[in-house]
Amino acid sequence: EQKRVDRLLALMDELKAPFPQLRLAICGDGPWEARLRNEAAMRGLDGKVLFLGALDDPWPLLCAADALVMASVREGSSNTLLEALQAGCVVFGTDAGDNAFLVGEEAG
């Protein structure tokens with residue numbers, strides 16, 4: 001719940017028309033997965049949202065991604081954010097936990 005992937009699905013719904021090439025890869029699994037898959041289908045995001053499940057090694061995906069989006073409302077010091085920066089991803093995220101400190105800028 002704290003990761004707020006549902007917010008990312010709502011954003012993808014808004015962006016699908018002006019940016020038809022945009023894709024969202026969701027990594028991880030958990031009790032919300034079926035609900036999120038259903039929401040993506042109801043929003044017509046089939047083929048635009050990829051549910052990848054838990055990854056043992058996210059590095060290849062981070063290296064292939066253009067950006068990492070973290071919509072968390074609670075976060076500690078995110079290893080994922082640090083790995084994304086190391087992979088050269090642009091990072092978008094909420095000002096939760098240490099996100100702003102790790103990126104080096106305060107949200108404004």
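Trainee: Before we start, what pLDDT do local features need here?

Mentor: Residues are numbered from 1 along each chain as its sequence is written, and side-chain values use heavy atoms, with hydrogens and water left out. This is a predicted model, where totals for chains, interfaces and linings use all residues, side-chain atom pairs count only at pLDDT 80 or more, and local features need pLDDT of at least 70.

Trainee: Which residues is L8 in contact with, leaving aside its neighbours within four places in sequence?

Mentor: Contact means heavy atoms within 4.5 Å. L8 belongs to the largest core. With those neighbours set aside, its partners are L24, V69 and A71.

Trainee: Now S72: is it buried or exposed?

Mentor: S72 sits in the loop between β3 (67–70) and α4 (79–86). Its contacts, beyond the neighbours within four places in sequence, are Q2, K3, T94 and A96. Because its relative accessibility is 2%, S72 counts as buried.

Trainee: Switching to charges, which residues are linked with D13 in a network of salt bridges?

Mentor: A salt bridge is a side-chain nitrogen of Lys or Arg within 4 Å of a carboxyl oxygen of Asp or Glu, and the count by that rule is five. D13 pairs with K16 at 3.0 Å, N to O, and with R43 at 2.9 Å, N to O. That R43 pair links distant parts of the chain, with R43 in the loop between α2 and β2 and D13 in helix α1, 30 residues apart. The residues networked with D13 are K16, E39 and R43.

Trainee: Why are R37 and E33 separated by about one helical turn?

Mentor: Their side chains meet in a salt bridge at 3.1 Å, N to O. R37 is partly exposed at 40% relative accessibility, and E33 is partly exposed at 24%. An α-helix has 3.6 residues a turn, so residues three or four places apart point the same way. The separation is about one turn because R37 and E33 are four residues apart in helix α2.

Trainee: Within what arc do the buried residues of α2 fall?

Mentor: The buried residues in α2 are L36, E39 and A40, and they pack against α1 and β2. On the other side of the helix, A34 and M42 are exposed. The arc is that of the directions from the helix axis to the C-beta atoms. Seen down the axis of α2, the buried residues line one face of the helix, because they fall within an arc of 100°.

Trainee: How much accessible area do L50, L52 and L55 have together?

Mentor: Patches are made of residues with over 30% relative accessible area and no salt bridge: like charges are joined within 9 Å, nonpolar side chains (Val, Leu, Ile, Met, Phe, Trp, Tyr) within 5 Å. Areas come from the Shrake-Rupley method with a 1.4 Å probe, and for residues only the protein chains shown count as cover. L55, in the loop between β2 and α3 (59–64), is partly exposed with a relative accessible area of 34%. L50, L52 and L55 form a nonpolar surface patch, and together their accessible area is about 220 Å².

Trainee: Last one: what phi does R4 take?

Mentor: R4 is in the segment before α1, and R4 is partly exposed at 24% relative accessibility. R4 is a residue other than glycine with a positive phi, near 55°.

How values were computed
Core = buried A, V, L, I, M, F, W, Y, C linked by side-chain atoms within 4.5 Å. Buried < 20%, exposed > 50% of the residue type's maximum accessible area, 1.4 Å probe, protein only. Helix = DSSP H or I, 4+ residues; strand = E, 2+ residues; numbered from the N terminus.
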